[in-house]
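Welcome, and thanks for taking a look at this one. Here is a friendly briefing to read alongside the sequence and the coordinates.

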Amino acid sequence: MALLEVKDLKVRVEEREILHGLTLTVNEGEVHAIMGPNGSGKSTLSHVIAGKPGYEVTDGQILFKGEDLLEMDPDERAAKGVFLAFQYPVEIPGVATMTFLRTALNAQRKARGESEYSTPDFLRKVREVSKALNIPQDMLKRGVNVGFSGGEKKRNEVLQMALFEPSLCILDEMDSGLDIDALRIAADGVNALRSPKRAMVVITHYQRLLNYIVPDFVHVMSRGRVVKSGDKELALELEASGYTQFEDAA
Amino acid sequence: MNVAVAKTGKGRAVSDLFTSAEGRLPGSPAVIAARREAFETYERLGLPHRRIEEWKYTDLRALVGEVLPLAAAPDAAALASAADAVKAHAVAGARKLVLVDGVFAAGLSDVKALASEVGFKTLRETLEKDAGLLKTAAVDAVISLNAAMASDGVVLSIADGAQLSAPIQIIHVATTDSASAFTRSQVAIGKGARATIIESFVAGAKAYQVNDAVIVSIGDDADVAHIRLLDDAPDAVNITSQFVTVGANTKVNFFNMTSGAAVSRLQGFIMFAGEGSELSINGVNLLQKTEHGDTTLVVDHAVPNCVSREIFRAVVDDRAHSVFQGRIIVRPDAQKTDGKMMTRALLLSDEAEADNKPELEIFADDVSCGHGATAGALDDNLLFYLKARGLPEKQAQALLIQAFVGEAIEQIADDNLREHVIGIAERWLERRS
Ligand SMILES: Nc1ncnc2c1ncn2[C@@H]1O[C@H](COP(=O)(O)OP(=O)(O)OP(=O)(O)O)[C@@H](O)[C@H]1O
Ligand SMILES: [Mg+2]
């Protein structure tokens with residue numbers, strides 16, 4: 001059984017159809033890259049998978065481990081192992097990052113019927129993960145993403161991914177706003193999470209990221225559909241030729 | 001015609017209220033005469049209603065209707081049930097003064113420990129000598145009613161230079177259903193003193209009414225934290241009037257949190273009487289169901305060079321109604337006054353309501369005064385982010401609500417006390433349906 005099956009998905013936002021019948025299958029252990037021009041619907045797809053309100057699914061389905069994802073609340077999806085690293089992570093003033101991380105992790109564990117982490121175990125885990133991602137401890141004392149630079153926000157997303165250990169990681173432009181060193185650190189963080197049980201969907205505009213996180217499949221999205229799929233060579237092709245050839249195809 | 005009939009009807013009920021209580025109210029003959037006079041004032045005015053400007057949003061005739069009879073003095077059973085409530089609400093390390101159904105309960109209080117640092121009497125004792133404590137700077141119907149009916153209270157005097165080693169917690173416990181408690185207290189804080197005063201209103205009964213008055217005078221160079229925590233029963237009524245005078249070069253940190261009572265009003269009359277003082281007033285209203293919570297503050301800059309800062313946060317759920325009225329008066333001489341207030345309301349349901357009425361009355365020209373207000377719902381984007389990380393709706397809301405009120409609660413300097421307040425807010429969150 002596929003980990004994620006998106007079948008002929010049609011999605012509207014405010015009366016306008018954004019996804020026009022999108023199909024995508026992701027199996028355990030695979031890394032998929034999704035590329036495509038601005039406004040082609042990449043973030044929309046990621047939001048619909050994560051359960052963001054405001055999107056109307058008019059047709060098609062999304063199955064996660066064979067279950068109907070669209071029937072679940074966002075928190076249930078998270079507990080089942082869906083994780084979206086946002087293109088634009090929000091700032092939450094007044095909610096300390098550590099409190100947030102612990103509350104979220106324990107909420108997921110509780111939903112799965114697992115025991116909550118004790119404070120020392122939790123702290124040890126956070127310290128381990130943040131060290132690997134080069135995230136200083138004092139950043140974790142601040143409000144969630146408050147005053148974080150663009151790159152720090154992205155690293156904080158990867159930190160959460162490492163902490164929650166989801167089975168499906170969707171990374172929406174994780175590379176935007178990251179300098180070269182930060183990109184390498186974040187990509188190392190992502191690669192460390194690659195496992196035969198876990199799949200990744202990496203949304204990006206740049207082939208460069210795919211040098212670090214090498215995909216098994218590359219999909220081109222245009223105007224709300226997957227218009228071409230291939231292996232990592234496709235990304236190189238796109239780098240050379242751009243998207244114009246697909247605009248017509250869509 | 002209807003109006004006249006209604007008035008007569010209410011007038012008679014109210015008269016019974018006084019005559020049936022008179023024999024039990026403490027005081028010398030002069031005090032009883034002063035009480036009767038105050039009661040007549042109350043009777044003439046009746047309960048405040050919406051056509052009285054200050055009570056526009058809190059119409060007690062509509063919300064409360066009638067004043068319940070004075071509660072009987074607590075018996076052994078009442079004291080025993082009060083003891084449980086006190087245990088549940090005591091701030092660790094604080095010295096307790098407990099008023100049960102409006103009567104001081106020595107057996108539940110830490111009088112001995114307190115007496116080593118603070119002068120202490122009951123209102124009852126004080127009124128045997130004179131009626132001075134029945135007089136206040138501002139008067140309205142509920143204050144007059146309080147003067148007439150006050151059965152007891154605590155009278156504290158903190159000497160010049162005293163540095164209190166522990167906070168004082170005045171705990172009001174109601175143990176009688178459908179009865180009223182009237183209390184009046186005084187806290188006099190000397191020059192250069194340092195003190196933390198906590199007032200807690202807690203429930204051991206149902207559908208009761210509280211009318212409290214507190215007269216606070218703070219000397220020069222003092223440093224005072226004054227925390228008031230209203231955690232009354234969900235069907236109770238609490239009307240409190242506070243009169244505060246602040247000396248020169250003094251720091252006062254006042255905090256109120258309302259997390260209970262069907263109808264509550266805190267009206268504070270605060271006056272700067274000496275230059276160079278700083279007043280920080282922080283308030284949180286946590287309201288649900290059909291609760292009505294009103295905070296009305298008058299900050300009177302009667303002298304130059306003082307700073308007042310008011311931060312007010314209202315969290316309003318279901319069909320509850322929050323009211324904040326903040327008046328800042330700057331007298332003609334009060335140059336260099338710096339007075340600001342900021343109100344934010346978080347509306348958790350479409351039927352929740354928050355009224356905000358700031359008023360600046362400025363008679364000096366070299367001042368910096370202002371106010372700001374916002375009202376809105378929880379941010380959907382923030383909620384979604386939290387839910388996408390696994391937090392169920394209620395828990396995600398709770399985190400954001402705590403963050404919202406956090407800014408006011410953070411102003412409480414004492415860690416232990418702040419944790420106590422956060423605990424009350426958490427229990428309020430758990431009560432949300
Ligand atoms: N809430 C919304 N209201 C109206 N239109 C929206 C909304 N969200 C997305 N859209 C529209 O849907 C289309 C797809 O947007 P989406 O953000 O999914 O694109 P994207 O592929 O992620 O683009 P980018 O590469 O710039 O991030 C765009 O035309 C966008 O304007
Ligand atoms: Mg996007």
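What follows is a set of short notes on selected residues, grouped by topic. Please keep in mind that this is a predicted model.

- Ser43(A) counts as partly exposed because its relative accessibility is 22%, whereas Gln87(A), at 15%, counts as buried.

**Aromatic pairs**

- Over all chains, the structure holds nine aromatic pairs.
- One of them is formed by Phe86(A) and Phe384(B), an edge-to-face pair with 5.8 Å centre to centre and 90° between the planes.
- Phe86(A) sits in the loop between strand 6 and strand 7 of chain A and Phe384(B) in helix 8 (residues 380-388) of chain B, so this pair joins two chains.
- Both Phe86(A) and Phe384(B) are buried.
- The ring centres of Phe39(B) and Tyr42(B) are 5.7 Å apart with the planes at 55°, so that pair is tilted.
- Phe39(B) and Tyr42(B) both belong to helix 2 (residues 29-45) of chain B, where they are three residues apart, about one turn of the helix.
- Phe39(B) is buried at 4% relative accessibility, and Tyr42(B) is buried too, with 2%.
- Ring pairs also link Phe86(A), Phe100(A), Phe384(B) and Tyr385(B) into a cluster.

**Salt bridges**

- The count over all chains comes to 28 salt bridges.
- Lys357(B) and Glu53(B) form a salt bridge through their side chains, at 2.9 Å from N to O.
- That pair links distant parts of the chain, with Lys357(B) in strand 18 (residues 353-362) of chain B and Glu53(B) in the loop between helix 2 and helix 3, 304 residues apart.
- Lys357(B) is buried at 12% relative accessibility, while Glu53(B) is partly exposed at 45%.
- In the salt bridge between Lys387(B) and Glu393(B), the closest N and O atoms are 2.5 Å apart.
- Lys387(B) is buried, with a relative accessible area of 13%, and Glu393(B) counts as partly exposed at 32%.
- Arg109(A), Arg112(A) and Glu114(A) are joined into one network by salt bridges that share partners.

**A buried aspartate without a salt bridge**

- Where does Asp101(B) sit? Its place is the loop between strand 1 (95-100) and strand 2 (103-104) of chain B.
- Asp101(B) is buried but has no salt bridge, and the nearest side chain of opposite charge, Arg24(B), is 9.4 Å away.
- The side chain of Asp101(B) does make a polar contact of 2.8 Å with the side chain of Thr176(B).
- Leaving aside neighbours within four places in sequence, the contacts of Asp101(B) include Ala71(B), Val173(B), Thr175(B) and Ala181(B).

**The surroundings of Ser308(B)**

- Ser308(B) is part of strand 15 (residues 307-316) of chain B, and it is buried, with a relative accessible area of 0%.
- A polar contact of 2.8 Å joins its side chain to that of His301(B).
- Beyond neighbours within four places in sequence, Ser308(B) touches a group of residues, among them Phe272(B), Leu279(B), Asp338(B) and Lys340(B).
- Asp338(B) and Lys340(B) are themselves joined by a side-chain salt bridge of 2.8 Å, N to O, and Lys340(B) counts as partly exposed at 29% relative accessibility.

**Positive phi values**

- Glu173(A) has a phi near 50°, a positive value in a residue other than glycine.
- Glu173(A) is located in the loop between strand 9 (168-172) and helix 6 (180-192) of chain A, and it is buried at 9% relative accessible area.
- Ala207(B), likewise not a glycine, has a positive phi of about 50°.
- Ala207(B) is in the loop between strand 7 (194-203) and strand 8 (209-218) of chain B, and it is partly exposed at 28%.

Key: Residues are numbered from 1 along each chain as its sequence is written. Chains are lettered from A and ligands numbered from 1 in the order in which they are written. This is a predicted model: local features need pLDDT of at least 70, side-chain atom pairs count only at pLDDT 80 or more; totals for chains, interfaces and linings use all residues. Side-chain values use heavy atoms; hydrogens and water are left out. Helices (H or I, at least four residues) and strands (E, at least two) are DSSP runs, numbered from the N terminus. Buried means under 20% relative accessible area, exposed over 50%, partly exposed in between (1.4 Å probe, protein chains only). Lys and Arg count as positive and Asp and Glu as negative; His and the chain ends are not counted. A salt bridge is a side-chain nitrogen of Lys or Arg within 4 Å of a carboxyl oxygen of Asp or Glu. A polar contact is a pair of N or O atoms within 3.5 Å; within protein, one must be able to donate a hydrogen and the other to accept it, and residues adjacent in sequence count only if both atoms are side-chain atoms. Contact means heavy atoms within 4.5 Å. Rings of Phe, Tyr and Trp (its six-membered ring) pair if their centres lie within 6.5 Å; planes under 30 degrees apart count as stacked, over 60 as edge-to-face and the rest as tilted.
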